[in-house]
Amino acid sequence: MIRLPSGTVRVRFTFLYAVVFLGSGIGLLVLTFLLSGGSISSVTPAGNPPGQGGPAGTQQRIRQLEEQLAAVHTQQARQLLAGALAALVVMAVVSLLLGRLLARRVLRPLRTITSATRRISADSLDRRLSVHGPADEVKDLADTIDELLERLEASFVAQRRFVANASHELRTPLATMRASLDVAAAKPQPAPSTVTLADRVRTQLDRVDHLLDGLLLLARAQHGAPADTAPVAQVDLVDLVDGALSDRSAEVRAKGLEVTVDLPPAAVVEGSPALLARLVANVVDNAVTHNQDGGWIRVTGDTGGPETVLVVETGGRLLDQREVDRLARPFERLGAERTGSSGLGLSIVAAVAAAHRGRLALLARPAGGLRVSVTLPTVRTAGVT
């Protein structure tokens, strides 16, 4: 049994076809050589066979003829062997070329399916391969992939719809509980324990309400731009950063944070203003909330090339890069000091960036702290998926 070499399928098919062609050529040459050798060696002169009686001159001529025939046979055998070796070398080269050609032709439909599958992501599960052709193994594979994509799309849509519906449905009982607390606290001369309990429950309700907002926005961002936001427009990241820092100015002063903003004036991207504002607000909120007292925040940007990069860096303790990589997932936090957050901030940033054909990069700084980098296409090529 032939063992195929390791490597790509094309190399393995090329080797297999080359071995088959080369083996067939070797068998054909050996058969030709044997048949040719047998016919020459059986040639003998007509007349008296060697070893029988007859005149002495006749015997002498027969021996000379036999020697000449032997010499001719040896020369023909050598020529045939040389020709067979040359043909074998040519056959080896031709078999490799033909094997490569056949391998490429056989694997062409698979390459087409592979390239089409790579272009399908979680944001484009509605696309299908739709391979046309005879009902063979390749079409069966393409149809199986299409069925898998259909099931994945249904699963993703159901998940996003569940999150959105659950977020909407939970607002009613939250509003009811908040109204009950307000009524209980508004009674004449309420008990001090009632006021204290109302304040604690109201704080938890605010956290749950904030969590529901985050879940709803995350589901909408993963599904694309929400329909109830403003249409796609050009957005200045400088204005968004200034607005986000202004909203958190009280906490910045309370912690004594040193904030440095160095953004180019042309940091303009195109997309949903509401989603991009939430993206910048979450990045700034993460930098302020999870910073140490007396720390620093540095906001920089780069508009060179077809992409605009927004970078927010903070100082602090040394972080593990493996833990930092998980922060873009929902409900992931670093350390016990982050249990007060919802764990959705950076996951919303990642979803909004992906909806605008961008990306989020998180890096643990070697000197301590975190570097958050958001890359978005500029106004020339941007757009919301």
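pLDDT is the predictor's confidence in each residue, on a scale from 0 to 100. The structure here is a predicted model, and the mean pLDDT of its chain is 77, with 83% of the residues reaching 70 or more. One is residues 1–6, which has eight contacts in the model beyond near neighbours in sequence. The other is residues 381–385, with 21 contacts in the model counted in that way. Where pLDDT is low, the predicted coordinates should not be read in detail.

Helix H2 covers residues 56–118, a run of 63 residues. H2 has a bend of about 45° at Arg-108, and a proline, Pro-109, follows within four residues. Which residues of H2 are buried? Gln-59 and Ile-62 are, as are Ala-84, Ser-95, Gly-99, Ala-103, Leu-107, Ile-113 and Ala-116.

The largest nonpolar core has 47 residues, and the members that touch the most others are Val-280, Val-324 and Val-374. Helix H7, residues 273–289, gives the most to this core, contributing eight residues. Once neighbours within four places in sequence are set aside, Val-280 is in contact with Leu-237, Leu-240, Val-241, Ala-244 and Leu-310.

Notes: Residues are numbered from 1 along each chain as its sequence is written. This is a predicted model: local features need pLDDT of at least 70, side-chain atom pairs count only at pLDDT 80 or more; totals for chains, interfaces and linings use all residues. Side-chain values use heavy atoms; hydrogens and water are left out. Helices (H or I, at least four residues) and strands (E, at least two) are DSSP runs, numbered from the N terminus. The expected span of a helix is 1.5 Å times one less than its number of residues. The bend at a residue is the angle between axes fitted to the seven residues ending there and the seven starting there. Buried means under 20% relative accessible area, exposed over 50%, partly exposed in between (1.4 Å probe, protein chains only). A nonpolar core is a set of buried Ala, Val, Leu, Ile, Met, Phe, Trp, Tyr and Cys residues joined through side-chain atoms within 4.5 Å. Contact means heavy atoms within 4.5 Å.
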